[in-house]
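My entries follow the model.

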Amino acid sequence: MTILHRFRLGAALAILLAPAVVHAQMRVVPLPLSGPAYALAQDAYRASARGDYRHAEAQLREAIRLRPDVAALREQLQKIRQEQTRSRDKPSTVRDAGYRDANAAFTAYGRKDYRNAVRLARDAADKAPDNTAYWLLLGNALIADDRYEDADRSLDEGAGKVVGNTTLRQRRDEVRRELAARAAAKAFNARRNDDGAGELAAIRDAVGYAPSNLSYRLMLIVALLRGEQWDEAIVAASDAHAREATQAAPLLLRGYAYQRLGKDAAANEDFSSAATLAGNDERDNVQRFISDTQKSRTTLARNLPTPELDCSNPAACRVLAGQPPRDRGYDEATLAYQALDSKDYVAASMHARKAIAAAPQNRDYRVLLLDALTDANDFAAAEQAANDALAQGQGQDAVLLAQRGAIRERLGKAAAAREDYAEALALGGLPPTMQIDLLAHLNRRTEARKVFDEARRSGALDQLSPLELAYLASSAGDDAAAHAAFSEADRSGKLPDQALDDAAFAATRAHDDRSALAYFKRSIDAANDTNPANKSAQQQFDTRRAVSTIDREFGFIASLTRSGGGPSAGSAAAAGAQPGASGNNGSLQAGAEAYWRPFGYRNGSTVEIFGRVFQTLQDKSRGATGTQTAQATVGARWKPWSSQNVVVSFGRLIPIGSQASSDWLAQLAYSDGIGTDLRVDRLSWWTTQWYAEAGHYLQHPQTYGLASLQAGRSFRLDGVDPRLVVFPHLTLNTDYNSLNQQRSATGIGPGVNLRYWFREDAYHAPRSYVEVSLQYRMKISGDERARGFFMTTTLSY
């Protein structure tokens, strides 16, 4: 649940009492065999009938792979193996008496001629009553024909005739759960039509079909209480408590019935026991029910409103205190809720305003208006509605404060939103999911993680789907749990295409590069197909860039650098100059570097093994040039933090030429930028990039430092090639060398870079580029090395 949506106040309006229970219980019966799985199962049955057990086993194995949820397939596989064992002592296998009818029934079923399939399967089961497959076929045909009661009776009959068979009993129980759900839906409709007798009869049927379902028993108790059948309600509540002795709900309802009968001591005993049983996630609600019920007893002279149920979590319905009689805004509020369910937000807002006008004292209607305006993305009006609702309640509503905070965040009022979040947390009483969300928004990750871990241990998050748990874990900073939950959602077929990028980033943070790349590539395929996430061209490019970044295992950089009076600041990073080398005259240097990431991407915290070589080609100061200056370096560098581009490097300098040196070099570098990548959504964009580096030679002590800042605007030259980008800019550079007489020098001036991107495919953004950079710098301070022309040609592969 996001903080933009609170639970609808169904407890305030009787129309929202039971749909969650009914909806959660519908369609519990697995689909009968159809399609390829059905054809394989039919072929396997025929093969086993003629004694070809090997072929039958192969077909069943494939059917099980397609429909692993059908236990009957596994049971039939076991039966075939048993028959194969027995057949070794027999010259042949004889088909049973029902084979022909069953075979015809399978054929009719495949044609969707369910009535004939039922008749033929019935004949097969009568002729061979010990054959499980015939009874299952009969049950499935009846289900397909929407004759669930007949399916229940037939499966029950088969379970009685096939001794020791569990498959038929399981199938019968599944059908009964479906019948229970239908009865519950019928009860709900009767309740809407004020048909108390019909409601009670239907919910009794639901309990009969699914006696272990506590939600139906609670609905029965509430129906009895509504009909003022106090003694029967007490019996029903006692039965429910006997079955679910750890649940507080039956005791709360029985306590209410005792209170209506004037048995306050018994009522208080039940309320006390319920409060003891309540878990962390329901304790506040139980205390509120007891308090409201006792308060109503005092103010309404025992004319207590009937309790209601909140079954938004079908696994554990909550008992809510009954609401006072309907006010004049009730009918308009009902229409507003119906409009919300239909996503007609304009109508929902209109009816909510009419409800407020008719009953301005009912704060729930103000919250209803807030929900409608929020869903309509009318955040300015929603903020005012939140203000009105909070003012009516003196601001003491943590959920409303959180909702207003989310609205203010959407309006760009970040400071006000954080105040609302903090106040909501201070008030307390929020569900764990909302606590985690708010703490994450306030960047209080440690607290969010603590709440998440405690909620998981207590079972408070057990009702969440894997996908919901994945997003909550991501908010709490538990990357491993988020990745596991996304994976579980994917395995169960419940990971939508819109969530693939989020699953990929969770896998990246969990250091599972292989899964991350698989998710990203599926996201790219989906965007190229139907684009369910409605990705823009730039967003699709960014996904491809993520693939290129994560799957890079090695790289190569080569450069040629000419400096006016010394090295270009930052050129060491491009392997074009010896780190720390600077003089007062121009030079031309060439270099190359290859690197390898032995441990993968590691969520951006990379480790690289590198080797580089460079030499001076020209030196206007008449220093050494050529192969005698060839210098090699091997080493390793590490980026400790995923979110910060800080790199620590340590290398060994190995002399190749006679004028090269042998030394150890330690380096620390930091770089970042805005708009440095190719854009596909616009022709031009602002670009800023900065780089800083410091290093120290250990054997021949020397300390150097350099920094560079470039700011300008990038232009895509589509008239030439959409992958060609020119970047005119202003550059500010400084460097420091402990061996120079003038240790530091700073220059500023204009520059232009021309970069061509290449090496891309359907899944990868361009992974390589060649760039030419030309700058002219004017000296601000220091010696002449700060001024002149600087040119660098770089190939990054």
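**Entry 1: the model**
I am working from a predicted model. I keep that in mind throughout.

**Entry 2: cavities**
Rolling a probe the size of a water molecule over the atoms shows where empty space is left. I asked how many cavities of 30 Å³ or more there are. The count is seven. I then took the largest cavity, which holds about 150 Å³ of space.

Its lining came next. The largest cavity is lined by 16 residues. Nearest its centre I find Thr676, Ser714, Val725, Phe727 and Arg755. By type, the lining has seven nonpolar, six polar and three charged residues.

Which strand gives the most to this lining? It is strand 12, with four residues. Strand 9 (684-697), strand 11 (724-737) and strand 12 (744-758) each supply at least two residues.

**Entry 3: helix 8**
I checked the length of helix 8, residues 148-161. It has 14 residues, and at 1.5 Å a residue they should span 20 Å.

I then listed the buried residues of helix 8: Tyr148, Ala151, Asp152, Ser154, Leu155, Gly158 and Ala159. An α-helix has 3.6 residues a turn, so residues three or four places apart point the same way. I read the list of buried positions in helix 8 again with that in mind.

What do the buried residues of helix 8 pack against? I find four partners: helix 6 (114-127), helix 7 (132-144), helix 9 (167-192) and helix 10 (196-209).

**Entry 4: arginine 254**
I moved to arginine 254, in helix 13 (residues 249-260). Is arginine 254 buried or exposed? Its relative accessibility is 15%. Buried means under 20%, so arginine 254 counts as buried.

I looked for side-chain partners. The side chain of arginine 254 makes a polar contact of 2.8 Å with the side chain of aspartate 270. Another polar contact, of 3.1 Å, joins the side chains of arginine 254 and serine 238. Setting aside neighbours within four places in sequence, I list Ile234, Ala237, Ser238 and Asp270 as the contacts of arginine 254.

**Entry 5: alanine 381**
My last stop was alanine 381, in helix 19 (residues 379-392). Alanine 381 has 23% relative accessibility, so it counts as partly exposed. I also took one distance. Leucine 370 lies 11 residues from alanine 381 along the chain, and their C-alpha atoms are separated by 8.2 Å.

Notes. Residues are numbered from 1 along each chain as its sequence is written. This is a predicted model: local features need pLDDT of at least 70, side-chain atom pairs count only at pLDDT 80 or more; totals for chains, interfaces and linings use all residues. Side-chain values use heavy atoms; hydrogens and water are left out. On a 1 Å grid over the protein atoms alone, a cavity is a set of points where a 1.4 Å probe fits but cannot get out, and a pocket is an open set with protein on both sides within 12 Å along at least five of seven lines; lining residues have an atom within 4 Å of a point. Grid points are joined across faces, edges and corners, and a volume is the space filled by probe spheres set on the points. Ala, Val, Leu, Ile, Met, Phe, Trp, Tyr, Cys and Pro count as nonpolar, Asp, Glu, Lys and Arg as charged, and the others, Gly among them, as polar. The expected span of a helix is 1.5 Å times one less than its number of residues. Buried means under 20% relative accessible area, exposed over 50%, partly exposed in between (1.4 Å probe, protein chains only). Contact means heavy atoms within 4.5 Å. A polar contact is a pair of N or O atoms within 3.5 Å; within protein, one must be able to donate a hydrogen and the other to accept it, and residues adjacent in sequence count only if both atoms are side-chain atoms.
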